[in-house]
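This report goes through a structure part by part, from a pair of helices to single residues in loops. Please keep the sequence and the 3D view open while reading.

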Amino acid sequence: MQGGSSGIGYGLKYQARCISDVKADRDHTSFLTGTLSLKEENEVHLLRLSSGGSELICEGLFSHPNEIWDLASCPFDQRIFSTVFSTGDSYGAAIWQIPEPYGKSNSSTLECVASLDAHVGKINCVLWCPSGKSDKLISMDEQNLVLWSLDCSKKTAEVLSKESAGMRHSLSGGAWNPHDVNSVAATSESSIQFWDLRTMKKVDSIERAHIRNVDYNIKREHILVTADDESGIHVWDLRKAKVPVQELPGHTHWTWAVRCNPEYEELILSVGTDSAVNLWFASASSEKKTSESSVVASPQRVNPLLNSYTDYEDSVYGLAWSSREPWIFASLSYDGRVVIESVKPFLPRR
Amino acid sequence: MATEAAPMDEKAKRMRDLLSSFYTPDPSISNNASSISTSFDNINSTSFDADQYMDLMIKKSNLEVLLQRHVQMAAEIKNLDTDLQMLVYENYNKFISATDTIKRMKSNIFGMEGNMDQLLQKIMSVQSRSDGVNTSLFEKREHIEKLHRTRNLLRKVQFIYDLPARLQKCIKSEAYGDAVRFYIGAMPILKVYGDTSFQDCRRASEEAIEIIIKNLQTKLFSDSESIQARAEAAVLLKQLNVPVDSLKAKLLEKLEQALDGLQIKPEEASKLAEYNDSSKDEETNDQGPAKIHEDAVRGFSEAMRAYREIFPDSEERLFKLARALTTMHFENMELYIRKRVSAAQFLGIFRIIWEDVVLMDEVLPEAALSDLSAEAAQVTLKQFVARTFSHLQQDISDTLLKFDINQKEVLKVVLEASRKAVLQGTADIFQGFRQLLDENTVIFVKMKDLLIGWIQKGFQDFFRSLEAHFLVLSGKTSSSNETEGLIEGKSSDKIQAGLILVLAQLSVFIEQKVIPRITEEIAASFSGGSSQAFENGPAFIPGELCRVFHAASEKLLQHYIDTRTQKISVVLRKRFKTPNWVKHKEPREVHMFVDMFLQELEEVGKEVKQILPQGTFRKHKRTDSNGSNTTTSSRSNTLHNDKMNRSNSQRARSQLFETHLAKLFKQKVEIFTKVEFTQESVVTTTVKLCLKSLQEYVRLQTFNRSGFQQIQLDIQYLKAPLKETVEDEAAIDFLLDEVIVAASERCLDVIPLEPPILDKLIQAKLAKSKEHNNNTVSS
């Protein structure tokens, strides 16, 4: 089953890095994606999977002033999303609203709800509070962590608190703990840092260099998945964070992003710069097995790699599970190709 | 016949019924008993009604039947009459004979009374005579009896008075048995009168007895006496009510102490084993420690035999002792084999122990020593096999870590040494085990199957753990506490990288050479037998091991490449994180990260050259993949075009379009191919991965014109040396171009350097590096 072209494709005009699931859209499986072009006019595409699931329709095409380095959809309003963008020599982050009535494919302008302009350095990402209703936001640049309160009606964003991680730790990204809204994991050059948002203090850290991406397991508390440049994917149990509970080989080149399935707790997706998307099965039982019998490698150990989708032309950077249909994921390669795949044949039987 | 028999039977039965009814006084009983089917038509029943029967007959039957019935009945009546007559006659006969008998008895009794009277008279006279004799002799007899009693008493007194003297005499002649018998005979009297009349006597005899007891005890303890004598002494002592148990305890303690002397101490064991071997060769060498030991054990077993006879109730204790000795032997053996022991030495000790066990088993067959020792021997042997394998693993890992990898060309040496260690080690093990198998001792013959099973399983486990150990050594798996310190001690990355390569190649060697050889060996001399011990099939599965090591070698090779690329990756990361690319200054020279990159590659090349074989030379000619050729040309075209009118966004869009189109039409260059165990493949893979990383780093940055030019310059410089080292030129070209493309895509203002300037800068760099090289050479 190597790279069967079962996926539904959609081509963006320019190169692109980020794609996000529109969580607030309860009626359709839709994704937001934005292009990354230094010189051209960048676009945000709102894509919707047709009801038959056989076609990917562009529901909206909006021009965006700068190239988009990060994009996240608001969990409670399907029309709102955040982007991190770059003009080449400076960075910015903003909250946007898709104009009403959207749905016409002719390019229309986005309405800027708020600009998160408390940063100077390179902004990495904007995180929405995973609880769904909260209007809290976090934006992260290389040194700082800023907590925002967003008021959509007044179209303002207020800095609630801001804390510097220090010059030495250059932050590169993060994830908001879905089990504890006061906890945020941030990846830095040499470690994963855990921040408590009430005190805005670093409470814990796992020493691990060059982590590129991190994701919490929505279904299982305390489980965190990280992706490294070189050494693949690690599954951590935060209660005993000294050593990873499980190691997955990752990709031939860098593992760029990793995402836990929102419904099936054992499924993990990863994308890498070897132009592939890998679907992993990280069962709780196999975690135990590997930790117990690390020396005597059991010959029957199941290959954790369920499938590798290799039908890509360039490095894959964007990855998102659909929260509405959790067996569907969208991937985005650098050449601007969105591919929707279904993992139905690999779902664990229960 | 049957038809005839039936009426006969019926007839007999009727006869019997009739007779019984005749003799039974109460007709009602006979009625009940004889026939339940009483009815009117039954002629034999009492309630038979002739008229009715007649009526029935006439009604039922025709004339012929009636006539027949009549004839039959007449015959029956006649028969019955004769029978009755016979009976009467017989009875009469018997009556007459009875009368005769009575008559005879009467005549015999007549005249018997006179004889009886005579008899009575005679008996009376005899009685009176005997009374007379009795009375006349009575007095004399009384007297004699009295005299006799006195004499007996006197004799006893005499005996008691003589007792001390007699005892002394016995002591002198060592006739302790008699003495004890005498003393015990006198005991009751001495007990009763000892305090009064025979005081002196008693004291004297007691003294004598004490001497006897003492003598007996010494006799018992002295080893020079014969067992018989000692046993007798013990019996006598027991008769004298001396507490023998304490004696026994003492004796056995002594025996226990002797155990210590019999220990084969681990320190001496090797000496013992040597002497044992040598004494086998030359019988003159009697005084070897093995001989001494054998004698000691023989003495011990003799003593045990003696005690067993002396104290039949002490067997349990002796069993315990013997068992203790056996277990002690095996425990010591275990201690002994904790150190490195050759199979010959092991066998030597084992033989000694087995001899001991056999000796003791002769004495105490009930102690089940052979079972015990067989069990213990199994355990020990199993341990020995396991230890041998762990020693081998230790050897191999020692060989691997022995060398200082920083030295030049040392990897080759390490690989050779470790290869030799593996081969030699396994060969030695086989030799040793073959010795074990050839051993003819009973116990070994019994354990042969088991041993073969253990050896096979041992090999299986050994290779499995060796593989795990390799992975630990390589730092791939960071578990296993025992080796952790070992790795930390040498945790420098440089050592690791080379070592990983050695391990990878060693795994290949094991997979291809060692395991087949071992399979052969096992098939030759260690096959069979195991089927009973291991029902799950043979324990040694070469196919599985080959798979394991194949996987391990690939894993290790990949790991080697990973560690190498990681180092380069660090260099690259620094290179791209540090400067502000948007405000980059004009390129003056080739950046030094290129040097570091090439240096790392060179090191990889060096290491690889030492260890890995050269691959079949198949350089990808550029013409082979014309697709990539066209791509690059089209790319450079677009670059130039772009330079011409970069403001034209339409043009730029078409550039991207063109890139996509080019990608569509060209065959996808396989960047991530499978790594092979050749020098070229490893180097190529490393270069590919690094260039891919370079591309990714470039994509994350935004460049100004100068930044782009710097990248262009660096890549241009890299082109030549990389192509020299790498087998897959097309892929490298492709990747280098990709880096340039990525940089141009991320550049705000793409103006490539003019080729002359590019050339000049590269020449300058080359000259500089040459000079640098010369300097290093001269210095």
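Angles between axes are sorted into classes: under 35 degrees counts as roughly parallel, over 145 as roughly antiparallel, 65 to 115 as roughly perpendicular, and the rest as oblique. The axes are lines fitted to C-alpha atoms, for helices over the stretch in contact, and the angles run from 0 to 180 degrees between N-to-C directions. Helices (H or I, at least four residues) and strands (E, at least two) are DSSP runs, numbered from the N terminus. This is a predicted model, in which local features need pLDDT of at least 70 and side-chain atom pairs count only at pLDDT 80 or more, while totals for chains, interfaces and linings use all residues. Residues are numbered from 1 along each chain as its sequence is written, and chains are lettered from A and ligands numbered from 1 in the order in which they are written.

In chain B, helix α13 (residues 343-363) packs against helix α15 (residues 410-438) at an angle of about 25°, and their axes are 9 Å apart. The helices α13(B) and α15(B) are therefore roughly parallel to each other. Two residues are in contact if their C-beta atoms, placed from the backbone, lie within 7 Å. On the α13(B) side, B:Ala343, B:Ala344 and B:Leu347 meet B:Gly432, B:Phe433, B:Gln435 and B:Leu436 of α15(B). This contact between α13(B) and α15(B) has 5 nonpolar, 2 polar and no charged residues. Here Ala, Val, Leu, Ile, Met, Phe, Trp, Tyr, Cys and Pro count as nonpolar, Asp, Glu, Lys and Arg as charged, and the others, Gly among them, as polar.

## Burial and cores

A residue is buried if 20 or more other C-beta atoms lie within 10 Å of its own, exposed if 12 or fewer, and partly exposed in between, with C-beta atoms placed from the backbone. In chain A, 49% of the 350 residues are buried.

A nonpolar core is a set of buried Ala, Val, Leu, Ile, Met, Phe, Trp, Tyr and Cys residues joined through C-beta atoms within 7 Å. The largest such core has 123 residues, and those with the most contacts inside it are B:Leu501, B:Val502, B:Leu503, B:Val739 and B:Ala743. Another core, apart from it, has 102 residues, including A:Ala72, A:Leu171, A:Ile206 and A:Leu248.

## Strands and sheets of chain A

Chain A has 1 helix and 29 strands. Strands of a sheet pair through backbone hydrogen bonds, either parallel or antiparallel. Two strands count as paired if DSSP finds at least two bridges between them.

One open sheet of chain A has 4 strands in the order β11-β12-β13-β14, with antiparallel pairing. Its edge strands are β11 (123-128) and β14, each of which pairs on one side only. From one strand to the next, the twist averages 20°. Strands β13(A) and β14(A) pair over 8 bridges, and A:Asp151 has A:Thr156 in β14(A) as its bridge partner.

A further open sheet of 4 strands in chain A runs in the order β1-β29-β28-β27, again with antiparallel pairing. At its edges are β1 (8-11) and β27 (316-321). Strand β1(A) pairs with β29 (residues 337-342) over 4 bridges, and A:Gly11 stands opposite A:Arg337 in β29(A).

## Single residues in loops

Most residues other than glycine have a negative phi. Which kind of phi does A:Lys155 have, positive or negative? The phi of A:Lys155 is positive, about 60°, although the residue is not a glycine. A:Lys155 sits in the loop between β13 (144-151) and β14 (156-164) of chain A and counts as partly exposed because it has 13 C-beta neighbours inside 10 Å. A:Ser275, in the loop between β24 (267-272) and β25 (276-281) of chain A, also has a positive phi, near 60°. A:Ser275 counts as buried because it has 24 C-beta neighbours inside 10 Å.

A:Val22 is in the loop between β2 (16-21) and β3 (30-35) of chain A. With 28 C-beta neighbours inside 10 Å, A:Val22 counts as buried. Leaving aside neighbours within four places in sequence, A:Val22 is in contact with A:Ser30, A:Phe31, A:Leu32, A:Ser73 and A:Gln78.
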